[in-house]
Amino acid sequence: MIRPMAIGVMFALAAGLMWGLVFVGPLMLADYPAVMLSFGRYLAFGLIALPLGWLDRANLRGLTRADWVEALKLALVGNVVYYLFLASAIQRAGAPLPTMIIGTLPVVIATCANARNAARDGRLPWRRLAPSLGLIALGIALVNQAEWAAMRNDPEADTARYALGALLAVGAVVCWTWYPLRNADWLRAHPDRSPRTWATAQGLATLPLAVLGYALTWAWFGATDAPWVMPFGPRPGAFIGLMLAIGLLSSWIGTLCWNEASQRLPTNLAGQLIVFETLSALAYAFVLRGAWPGAATLAGIALLIAGVAWALRVEPEAVAAEGHPN
């Protein structure tokens, strides 16, 4: 019989494979502004969630007003703002650098969760966690070094644009450090609720945000006489098709798989498994480039995998309840 933790790891892997797709979208639609990609993706996610919500309406009725407010917060920060930062970063710095900056999430989330959620999930001992985090950090550094060296050898490289892309990617890291911690809080506090229902609820909460953002973007382009064809840009078929694909695969199925993983795994361990997203995004980016990664990049990827494998061997230790004076 498969252990719940093993099932959780498989769901985290599936989520990473789905989420990796969002890193190549901005490259395939490089002529589209990031606001179109962000609001377009989540407009598609929200529309996909409508029929799913109708089918799951009995469970959705069980959500309280506080639950919907939490879903709205998660949708705003973890979906719309996060992808706005990420798409902007990728269009300015290419895919590998933002991907590897996002790749720091396993370290950042595991560190935050180990300090924040130890009473609930147990604490991963720092002395045993350090080798895993060190391998992941070293792998990230190797890939970043390879990309930076390639940029320095490119006479047409725009270092200021590249640096802005890196800064925007850091903003995405902040958003997606907050999101899985808060999302796991809700899921662990409601073990009787379906992760599928919670994924659909977030899609429904995203829809009004995406509609408002898309409408404001359209109005802004009109008011500034921007040379842009609305509502779907110069390549409507490619835009609509890609937004629907990412909305279904990355947003709904990816969120569903992550919710399933979050209910089964300690947050400090689940945070490290976001490395699957980084590995998937790198693989997709190099396929799109039509080039094989260099030795330093391959070594970095191997270290990332080794770090995750090491982390899976670390068992959380229960934290003794603190005494309180009468």
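Reply: Contact means that heavy atoms lie within 4.5 Å. This is a predicted model, in which local features need pLDDT of at least 70 and side-chain atom pairs count only at pLDDT 80 or more, while totals for chains, interfaces and linings use all residues. Residues are numbered from 1 along each chain as its sequence is written, and side-chain values use heavy atoms, with hydrogens and water left out.

Me: Leaving aside neighbours within four places in sequence, with which residues is Val-81 in contact?

Reply: Val-81 is found in helix H5; helices are DSSP runs of H or I with at least four residues, numbered from the N terminus. The C-alpha atoms of Val-81 and Trp-176 are separated by 9.7 Å, although the two residues are 95 residues apart along the chain. Once neighbours within four places in sequence are set aside, the contacts of Val-81 are Leu-76 and Cys-175.

Me: Is Cys-175 buried or exposed?

Reply: Buried means under 20% relative accessible area, exposed means over 50%, and partly exposed lies in between (1.4 Å probe, protein chains only). Val-81, at 27%, counts as partly exposed. The relative accessibility of Cys-175 is 8%, so Cys-175 counts as buried.

Me: How many disulfides does a search of the whole structure find?

Reply: A disulfide is a pair of cysteine sulfur atoms within 2.5 Å. The cysteine sulfur closest to that of Cys-112 belongs to Cys-175 and is 14 Å away, so the distance is too far for a bond. Cys-112 is partly exposed, with a relative accessible area of 32%. For the whole structure, the number of disulfides found is 0.

Me: Which residues have the most contacts inside the largest nonpolar core?

Reply: In soluble globular proteins, nonpolar side chains tend to be buried together. A nonpolar core is a set of buried Ala, Val, Leu, Ile, Met, Phe, Trp, Tyr and Cys residues joined through side-chain atoms within 4.5 Å. The largest such core here has 86 residues, and those with the most contacts inside it are Tyr-82, Tyr-83 and Leu-86.

Me: Which helix gives the most to this core?

Reply: The largest nonpolar core has 86 residues. The helix that gives the most to this core contributes 12 residues, and that helix is H10.

Me: Where is Ile-274 placed, and which residues does it touch beyond four places in sequence?

Reply: Ile-274 has 1% relative accessibility and therefore counts as buried. Its place is in the loop between helix H13 (267–272) and helix H14 (275–289). Not counting residues up to four places away in sequence, Ile-274 touches Leu-105, Pro-106, Ile-109, Trp-176, Pro-180 and Trp-258.

Me: How many residues apart are Asp-31 and Arg-235, whose side chains meet in a salt bridge?

Reply: A salt bridge is a side-chain nitrogen of Lys or Arg within 4 Å of a carboxyl oxygen of Asp or Glu. The structure holds 5 salt bridges, and in one of them the side chains of Asp-31 and Arg-235 meet at 2.7 Å, N to O. This pair links distant parts of the chain: Asp-31 is in the loop between helix H2 (25–28) and helix H3 (34–55), Arg-235 is in the loop between helix H11 (195–223) and helix H12 (236–264), and the separation is 204 residues.

Me: What is the relative accessibility of Asp-56, which meets Arg-196 in a salt bridge?

Reply: The side chains of Asp-56 and Arg-196 meet in a salt bridge at 3.2 Å, N to O. The pair links distant parts of the chain, with Asp-56 in the loop between H3 and helix H4 (57–60) and Arg-196 in helix H11, 140 residues apart. Arg-196 is partly exposed, with a relative accessible area of 35%. Asp-56 counts as buried, because its relative accessibility is 7%.

Me: Why does the pair of Asp-67 and Arg-193 tie together separate parts of the sequence, and how many residues apart are they?

Reply: The side chains of Asp-67 and Arg-193 meet in a salt bridge at 3.5 Å, N to O. Asp-67 lies in helix H5 (residues 65–93) and Arg-193 lies in the loop between H10 and H11, so the parts that the pair ties together are apart in sequence by 126 residues.

Conventions. Helices (H or I, at least four residues) and strands (E, at least two) are DSSP runs, numbered from the N terminus.
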